[in-house]
Amino acid sequence: MKYTTIFIFLLIILSCGKVEKLDFADYMNFIENEKSGLNMVKEIADYKIQVNYQPAEYLALKESIDKEKQLSADKFSKALPHYRNHYYFRMRIENKKQYNNPIMEQSGDYDEYAYILEYMSFYAQNDLKLVAGKDTLKCVNYHFENNYKLLPFNDIQMAFKKPQTPVNENLTLIWDDQVYGVGRIKIEFENENINNIPQPIIN
Amino acid sequence: MKILNYLSFVLALAGVVVAAWLYVSQPKSAYVELDKVFDAFELKKELEADLEKIGKIKLGQVDSLKLVMESMQRDMSASGKKDSETIKKYQQEAYEVAYKKQQVEENIEILKQEYNDRIWKQLNQYLRDYGHENKYEFLFGASGSGSIMYAKKENNMTDEVIIYVNKRYQGKK
C-alpha cells in the first residue's frame with residue numbers, strides 16, 4: 001500500500017513536469033496556429049498584421065526537412081545551435097480589403113511605391129523593437145521578402161538577440177510603422193505560451 | 001376549473017416569454033465620451049511625447065541660429081560697421097532664420113496631423129471591435145458637438161472603453 005502511494009505520487013510529479021512531444025509536422029502546425037498564442041493577429045483599418053513567434057526548433061526543422069517531407073535528424077541537430085541565442089519572428093502585412101500587394105495598395109504612383117519598398121527593405125529594421133521584461137532589444141537581423149507585387153502580402157523575418165540573463169516575462173514586439181499609416185503596433189506574446197511550447201519528435 | 005387553472009398558467013408563461021423576448025431583442029446601445037477616450041489612449045500619450053521631443057530638437061536648432069544672429073548684431077554694434085553690405089547680410093541671415101523657423105513649425109504641424117490620423121485609425125478599429133465583442137447595435141461617440149443631446153449615465157461606457165482600447169493597443173489578447 002505504502003509503495004503504491006509513493007509510485008502514484010511519483011507518477012503525478014513526473015507527468016506534471018513533462019513537456020508535450022509532437023510529431024514534427026504537427027509541431028510546425030502548432031507553431032503556426034493562431035490558437036497556440038504564438039501567431040498573433042492585429043487588424044487596423046485595411047491592414048492585417050500577423051506576427052509569428054518562431055522557436056529555434058521550428059527554424060531548425062524548416063532547414064532539415066527535404067522536398068519529400070523527410071526529416072534529417074543530423075541536419076536538425078547541426079542547425080539547432082545557430083538559432084538558440086535569438087528570438088525570431090515572422091511578420092506578415094496583408095491588405096484585408098483588396099487582393100493586392102499591400103505596398104501596391106498603399107502607393108499612388110511609382111515614386112511612392114519605390115519609397116515604401118525602400119523603407120521596407122532597409123529602414124523598417126530601425127522601427128522594430130522587442131520588449132523582453134526590463135530589456136528593450138534592437139532588431140539585429142532583418143530580411144524583407146520582396147515578392148515583386150505577386151502576392152497579396154509581404155513577409156518580414158526578424159531576430160532579436162536574447163539578453164544574457166534568461167527572461168521569464170511576456171515578450172512585446174513593437175513596430176513603429178512609417179508607411180502604412182497604422183501607427184505604432186504592439187503585439188504581446190505571453191510567457192506561459194512560450195514556456196509551454198511542445199518539443200518536436202526528431203527520430 | 002382545472003382547465004382554467006392550466007390555461008391561466010400557460011398564458012402567464014407566454015406573457016413572461018414575450019416580455020423576456022422583448023427585453024432581449026431591444027437594440028443594445030451605449031455611448032462613449034470620445035475626447036476622454038482620445039486623451040487617455042496610450043498611443044496618443046506616446047506620440048505626443050515623441051512630437052514634443054522632435055519639436056524641442058528642431059526648434060532648438062533654429063534657436064541656435066538665432067544666437068548666431070544676436071552675436072552678429074552685437075559685433076555690428078561694437079565695431080560700428082553699419083555699411084549697407086553688412087546690414088544687407090544681416091537682413092538676409094535674419095530672413096533665413098525666420099524662414100527656417102516657419103518651416104520647422106509647419107513640419108511639426110504636418111507631423112501632428114499625421115500622428116492624429118494614426119491615433120484615430122487605431123482608436124476607430126478598437127471601438128468597432130469593442131462594439132462587436134460586446135454585441136452592441138449602436139455605439140455612439142459623444143464629442144460635445146451636440147450629436148448626442150441626452151443619454152442616461154448608465155449607458156456611458158467611457159471608462160470601460162478606455163481600459164479596453166489601451167489593453168488592445170498594448171497587444172494583449
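Seven helices and ten strands make up the secondary structure of chain A. The model is predicted, and the mean pLDDT of chain A is 89, with 91% of the residues scoring at least 70.

In overall terms, the C-alpha atoms of chain A fill a box of roughly 80 × 45 × 35 Å along the principal axes. Chain A has 203 residues, of which 26% count as buried. If one takes the contacts in chain A between residues at least 6 apart in sequence, 62% of them join residues at least 24 apart.

The sheet of chain A comes next. Strands of a sheet pair through backbone hydrogen bonds, in either a parallel or an antiparallel manner. In chain A, eight strands form an open sheet with antiparallel pairing, and their order is 2-3-4-7-6-5-8-9. Strand 2 and strand 9 of chain A stand at the edges with a single partner strand each, so one side of each has no neighbour in the sheet. On average, neighbouring strands of this sheet are turned by 25° against each other, direction ignored.

One pairing can be followed in detail. Strand 8 (residues 171-176) of chain A runs antiparallel to strand 9 of chain A, and six bridges join the two. Opposite A:Trp175 stands A:Ile185, a residue of strand 9 of chain A.

The contact between the chains involves twelve residues of chain A and twelve residues of chain B. On the chain A side, strand 2 (39-44) and strand 9 (184-189) each supply at least two of the residues that touch chain B. Strand 9 of chain A gives the most to this side, with four residues. By class, the residues of chain A on this side are four nonpolar, three polar and five charged. Both of the strands named here, strand 2 and strand 9 of chain A, are the ones at the edges of the sheet.

In chain B, a pair of helices can be described. Helix 3 (residues 42-79) and helix 4 (residues 84-133) of chain B pack at an angle of about 180°, and their axes lie 10 Å apart. Angles over 145 degrees count as roughly antiparallel, and helix 3 and helix 4 of chain B are therefore roughly antiparallel to each other. The contact of helix 3 with helix 4 of chain B has 18 nonpolar, four polar and seven charged residues.

Terms used
Residues are numbered from 1 along each chain as its sequence is written. Chains are lettered from A and ligands numbered from 1 in the order in which they are written. This is a predicted model: local features need pLDDT of at least 70, side-chain atom pairs count only at pLDDT 80 or more; totals for chains, interfaces and linings use all residues. Two residues are in contact if their C-beta atoms, placed from the backbone, lie within 7 Å. Ala, Val, Leu, Ile, Met, Phe, Trp, Tyr, Cys and Pro count as nonpolar, Asp, Glu, Lys and Arg as charged, and the others, Gly among them, as polar. pLDDT is the predictor's confidence in each residue, from 0 to 100. Axes are lines fitted to C-alpha atoms, for helices over the stretch in contact, and angles run from 0 to 180 degrees between N-to-C directions. Angles under 35 degrees count as roughly parallel, over 145 as roughly antiparallel, 65 to 115 as roughly perpendicular and the rest as oblique. Two strands pair if DSSP finds at least two bridges between them. A residue is buried if 20 or more other C-beta atoms lie within 10 Å of its own, exposed if 12 or fewer, and partly exposed in between; C-beta atoms are placed from the backbone.
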